[in-house]
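User: I am new to this model and would like to learn how to read its features. Could you take me through them one by one?

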Amino acid sequence: MEQHNIIWFRYDLRLDDNPAFIAATKSSNPLIAVTLFPKKTTIIQGLPSISDARANAIYQAIESLHQRLTTLGIGLLVIQNIADIEAKVNPSSIETVFYNDYPGTEEHKQFLAMKAVFDQSTFQESLSYSLIHPDQLGFSIEETPDVFTSFRKQVEKTVVVSAPQECPNVLQDGVRYSLPSIKSLGFEEVLVLIPSGEEHAIDRLQYYCIESAKVRTYKETRNGMFDWDDSSKLSMHLSLGTLSPRRVYATLKEAEAIHGANESTYWLWFELLWRDFFYFTHLKEQQFFFQPWDFPVQLTSKQQVLFLAILQGQTGYPLVDANMKELVKTGWMSNRGRQNVASFFVHYCKLPWSLGATMFETYLLDYNVSSNVGNWRYVAGVGNDPRDHRIFNVMKQGTQYDASTEYIVRWLPQLSALPIHQRYLVNKLSSSQRSTIGYPDPIVGLPWQ
Ligand SMILES: Cc1cc2nc3c(=O)[nH]c(=O)nc-3n(C[C@H](O)[C@H](O)[C@H](O)COP(=O)(O)OP(=O)(O)OC[C@H]3O[C@@H](n4cnc5c(N)ncnc54)[C@H](O)[C@@H]3O)c2cc1C
C-alpha cells in the first residue's frame, strides 16, 4: 500500500511561515491536507455556537488555502467530525501526521480524536501561534510572569524574533478533494466585512505598514471606533492563521527601515506582546486559565432579560448598544468597544464573564480562545492578575473616544434627534423624552450609585 502523510491545518490556514507545512514537505510521501470546519450548535437560547459571518470568514480562508494547495498538487479535505475522515482516508496508509499544536480544551479533544483514528501513525508537532517561540522566551512557560508588564520587560531584555520562513516551492503528488459548499456545511452564505484568506492578509499588512504607513500614527489612533485604519485590523488574519505573527514583525521592521521607527511602530510590537502574553499564560495555566468558569447552564429570568438586551443592543447605554449592533451585524468590535461592553456585562449587569466570552466567541471574526478568555478575565478582574478598578464609565468613555458622536449615530441613528452633548447622556433624560426618539430606558443603574 502506498504511504501518505497528512498535513492537518488548524489555526494556521496559510502556506507562508507555517512550520508544520514546511516539515511535511520535507518528506517524499504524497501529502493529504485535512482541515476541520466548525459545526453550528445552540449554546443557550438566542446564541448559536458560531455566527454565519464567522463561519464564512473561516470558509473563505479555507477556499483560498484550497486553491493554493491545488496549484502545488495537494488536495484539501474538509471535514466536520474527525471520525468522518476514515471514509476518505485509510488510516493504515498514513505514515506521519504533521500539525501545529494549540492550547484549549476543544483543541486537545480534537488532537486525541485524530490520534485515535491514526493510532499507527507518527504525530509530528510544530508551533505556529506566537510571535516568540517558547525556546526563545528566556524563561520556561511555567515561569511566565503573572503580570503583563513583567512579561514584557523580561522578554524585551533578551528576545530575538526569528525570520519568517517562505512557503517551499514544492510540487507534490497528492490526493484531490473538492470543496463542500458553505451551505452543505450548515451555514448561510453571507458577505464578510474583512476579506479573508492568505492573500488578503498580506495585502492588509502591506497596506497598513508599508504603503499607507498608517502604523506610524497607530498609538494616537488605536482607540478609535469609527475609521477602519484607526488600528491594523490584522487580528482576524492572525487568529485564523492566514497571517504569521513573524511575518507581521518582519514587515513592521521593514516599515521602520523605510519610514522610520517611532512610538507608534513600537506600540504595534507592544500589542503583539499582549497576544503572546495571553497565549503563554494559557499554556502555563492549562484548564485553570478558564477559572472561575461559572457558565450558567440555565439563565435566571433576570439574567435572560439582561443578556438579550445586551445582545440586541437595547441596554439604554449608547456606547454598549452601538458596539453590540456592530458586532452582531458585522463580526467586528474595536478594542475600546470590547473593553466597555465587557465591563458593562460583568460590572453593571453582574453577568458571568464566561457568558460574555462565549457571546464574543460566537460573533467575533477574530475570535481566538487565548486572547478572548485572557481579556475577559482581565476586565472582570479575575485570574492571575486580579485588579478591582476596571469598571469603565461607559458615558464618559463615549464622550472621550467618540466626541463627535459619529460612531454611535452610525449604529443608533435615532440619537441624531438629540443635540450632540445629550447623546451619550441619554440615560439622564426622562423616559418620555427617550420614548419620543425611540431609544430604550437603561436596563440597569450605574454600578457606583
Ligand atoms: C473582552 C475582550 C475580548 C477580546 N477578544 C479577542 C479575541 O477573541 N481575539 C483577538 O484577536 N483579540 C481579542 N481582543 C483583543 C483586541 O481587542 C483585538 O485583538 C483588537 O481589537 C483587534 O484589532 P486590530 O487587529 O486592529 O488590533 P491592533 O490594535 O492593530 O493590534 C495589533 C494586534 O495585536 C494583538 N492585540 C491587540 N490588542 C490585544 C489584546 N488586548 N489582547 C491580545 N492581543 C491583542 C492583535 O493580534 C492585533 O491584531 C479582545 C479584547 C477584549 C477587551
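**Reading the helices, sheet and loops**

Analyst: Helix H11 and helix H12 cross in a left-handed sense. The model is a predicted one.

User: At what angle do H11 and H12 pack, and how far apart are their axes?

Analyst: H11 covers residues 318-330, and its angle to H12 is about 115 degrees, with the axes 9 Å apart. Angles of 65 to 115 degrees count as roughly perpendicular, and H11 and H12 are therefore roughly perpendicular to each other.

User: Which residues make the contact between H11 and H12?

Analyst: From H11 come Leu319, Val320, Asn323 and Met324, and from H12 come Gly337, Asn340, Val341 and Phe344. By class, the contact of H11 with H12 has five nonpolar residues, three polar ones and no charged ones.

User: How does H11 pack with helix H15?

Analyst: H15 spans residues 394-401, and it packs with H11 at an angle of about 70 degrees, the axes being 8 Å apart. That angle makes H11 roughly perpendicular to H15. Pro318, Leu319 and Val320 of H11 are in contact with Val394, Gln397 and Gly398 of H15. The contact of H11 with H15 is made up of four nonpolar and two polar residues, with no charged ones.

User: What is the angle between H12 and helix H14?

Analyst: H12 (residues 335-348) and H14 (residues 369-380) pack at about 55 degrees, and their axes are 9 Å apart. This makes H12 oblique to H14. The crossing of H12 with H14 is right-handed. On the H12 side the residues are Arg338, Gln339, Ala342, Ser343 and Val346, and they meet Asn375, Trp376, Val379 and Ala380 of H14. Five nonpolar, three polar and one charged residues form the contact of H12 with H14.

User: Now the sheet. How do strands pair in general, and what is the strand order here?

Analyst: The strands of a sheet are paired through backbone hydrogen bonds, in a parallel or an antiparallel way. Here there is an open sheet of five strands in the order E5-E2-E1-E6-E7, and the pairing is parallel. Strand E5 (75-79) and strand E7 (122-126) are the edge strands, each pairing on one side only. From one strand to the next, the twist averages 25 degrees.

User: How many bridges join E1 and E2?

Analyst: Strand E1 (residues 4-9) and strand E2 (residues 31-36) pair in the parallel sense over five bridges. One example is Trp8, whose bridge partner in E2 is Val34.

User: Which strands does helix H2 lie across?

Analyst: H2 lies across E1, E2 and E5, and runs at about 150 degrees to E5.

User: Moving up in scale, into which domains is the chain divided?

Analyst: The protein chain is divided into domain 1 (1-128), domain 2 (129-164 + 198-286) and domain 3 (301-437). The centres of domain 1 and domain 3, taken over C-alpha atoms, are separated by 35 Å. Their contact takes 13 residues from domain 1 and 13 residues from domain 3. On the side of domain 1 that touches domain 3, strand E4 (47-48) and helix H2 (52-71) each supply at least two residues. H2 gives the largest share of that side, three residues. By class, that side of domain 1 has eight nonpolar, four polar and one charged residues.

User: What is the phi of Lys233, and where does Lys233 lie?

Analyst: Lys233 is a residue other than glycine with a positive phi, near 55 degrees. Its place is the loop between helix H6 (218-221) and helix H7 (235-240).

Terms used
Residues numbered from 1 in each chain as written. Predicted model: local features only at pLDDT ≥ 70, side-chain atom pairs only at ≥ 80, totals over all residues. Axes fitted to C-alpha atoms, helices over the stretch in contact; angles between N-to-C directions. Helix = DSSP H or I, 4+ residues; strand = E, 2+ residues; numbered from the N terminus. Parallel < 35°, antiparallel > 145°, perpendicular 65-115°, else oblique. Left-handed = near helix turned anticlockwise from the far one by under 90°. Contact = placed C-beta atoms within 7 Å. Nonpolar A, V, L, I, M, F, W, Y, C, P; charged D, E, K, R; others polar. Domains from an automatic or database assignment. Pairing = 2+ DSSP bridges.
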